[in-house]
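The following exercises guide a reader through one protein model.

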Amino acid sequence: MQSANILIIVTFLVSAVRAASGNSTTSVERPTLVSALWWAACTSFASLCLFMRLFMNKAGWGLCLPIASTFMSVGFFMRILMAMNPSSLPIFMVQQLLTLLPPAAYLAFNYIIYGRFIVNCVDRHYSWINPEKVVRYFVISDITAFFVQGVGGGLEVSTKVTTEKPGANVLLTGLVIQTLSFGFFMVLVVHAWHGILRDGFQLRQEPWGPILWILMFSSSAYIIRCIYRVIEVAQGNGGYLVTHEIYFYLLDSQPLLIGICTYIIYWPTKYLEASAKPVTHEMTGRY
């Protein structure tokens with residue numbers, strides 16, 4: 001596990017160097033002080049609320065979400081420093097690391113909820129994948145995608161000009177893998193949802209019913225961010241999205257904030273712990 005964490009950090013540092021190299025052009029819009037301050041404040045407040053939710057419900061299993069949100073808020077504060085020191089490579093690398101890495105934990109939180117929901121509230125047969133192994137499989141998929149991105153980033157910053165285009169393609173491939181992986185997770189949720197409805201369960205009448213809505217809503221927000229990243233990299237260093245900061249906030253920061261704020265309003269423990277796995281269902285007779 002420790003080696004995996006080191007791998008992730010190194011991968012994103014390499015990607016940050018690649019981004020710094022690409023963003024060195026004058027056409028790229030630098031972070032603005034007001035925007036960075038606003039998002040830093042919003043994300044910090046969301047982190048505080050998530051920590052309160054977690055401790056009030058004694059849900060240590062969900063610690064990854066508020067911690068990741070805290071790192072994200074620090075990343076936005078680093079963007080403030082970046083706005084004041086636009087030529088500082090170390091500041092840029094740190095803020096890139098702190099804004100690119102935390103969303104992986106956001107996705108992992110959804111994986112955890114899915115597994116706990118299937119095991120504690122319904123039945124394992126509703127899941128294509130063993131629910132206890134969902135987190136492991138998808139986290140491995142994310143790490144693989146990060147590794148591919150890191151390789152692409154390394155090729156792009158190579159001194160050999162001939163590796164720049166292949167590096168960009170490899171980087172894009174890593175982002176596509178991550179997006180497809182999370183898209184498959186959403187399909188997994190939809191499949192479970194369909195099976196539950198097919199067996200006659202009425203979500204509005206079940207104490208765990210809101211979990212599926214919450215999970216799909218937050219996941220839909222996260223997938224917007226994944227798709228944005230793919231399009232951004234596909235356009236290249238001089239692309240429209242890269243050179244207009246507003247889209248970073250609208251299609252990256254905002255969906256992530258909406259996704260985590262969903263859990264401030266609807267903390268899942270309320271529905272998971274209040275739910276008892278059905279002993280016998282009238283329409284299926286399953287246990």
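## Exercise 1: The surroundings of T262

T262 touches I214 and F217, not counting residues up to four places away in sequence; contact means heavy atoms within 4.5 Å. The model is predicted, so local features need pLDDT of at least 70 and side-chain atom pairs count only at pLDDT 80 or more, while totals for chains, interfaces and linings use all residues. Residues are numbered from 1 along each chain as its sequence is written, and side-chain values use heavy atoms, with hydrogens and water left out.

**Task.** State in which helix T262 lies, and determine which backbone oxygen its side chain reaches.

**Solution.** 
Step 1. T262 belongs to helix 9. Helices (H or I, at least four residues) and strands (E, at least two) are DSSP runs, numbered from the N terminus.
Step 2. T262 counts as buried, because its relative accessibility is 7%. Buried means under 20% relative accessible area, exposed over 50%, and partly exposed in between (1.4 Å probe, protein chains only).
Step 3. The side chain of T262 reaches the backbone oxygen of I258 at 2.8 Å. A polar contact is a pair of N or O atoms within 3.5 Å; within protein, one must be able to donate a hydrogen and the other to accept it, and residues adjacent in sequence count only if both atoms are side-chain atoms.

## Exercise 2: The chain as a whole

**Task.** Describe the secondary structure of the protein chain and the share of its residues that count as buried.

**Solution.** 
Step 1. The protein chain has 10 helices and zero strands.
Step 2. Of its 287 residues, 51% count as buried.
Step 3. Among contacts in the protein chain with a separation of 6 or more, 76% come from residues 24 or more positions apart.

## Exercise 3: Helix 3

**Task.** Determine what covers the buried residues of helix 3.

**Solution.** 
Step 1. Helix 3 (residues 64-84) has 21 residues and reaches 31 Å between its first and last C-alpha, close to the 30 Å expected at 1.5 Å a residue.
Step 2. Its buried residues include L65, M72, F76 and M82.
Step 3. Their cover includes helix 2 (33-56), helix 4 (89-100), helix 5 and helix 9 (245-265).

## Exercise 4: Salt bridges

**Task.** How many salt bridges does the structure hold, and is R198 buried or exposed?

**Solution.** 
Step 1. The structure holds six salt bridges. Each is a side-chain nitrogen of Lys or Arg within 4 Å of a carboxyl oxygen of Asp or Glu.
Step 2. R198 pairs with D199, their closest N and O atoms being 3.9 Å apart. R198 counts as exposed at 55% relative accessibility, whereas D199 is buried at 8%.
Step 3. R124 pairs with E132, with closest N and O atoms 2.3 Å apart. R124 is partly exposed at 39%, and E132 is partly exposed at 43%.
Step 4. R229 pairs with E232 at 3.0 Å between the closest N and O atoms. R229 and E232 are separated by about one helical turn, because they are three residues apart in helix 8 (residues 209-235). Salt bridges that share partners join R225, R229, E232 and D252 into one network.

How values were computed
Expected span 1.5 Å × (residues − 1).
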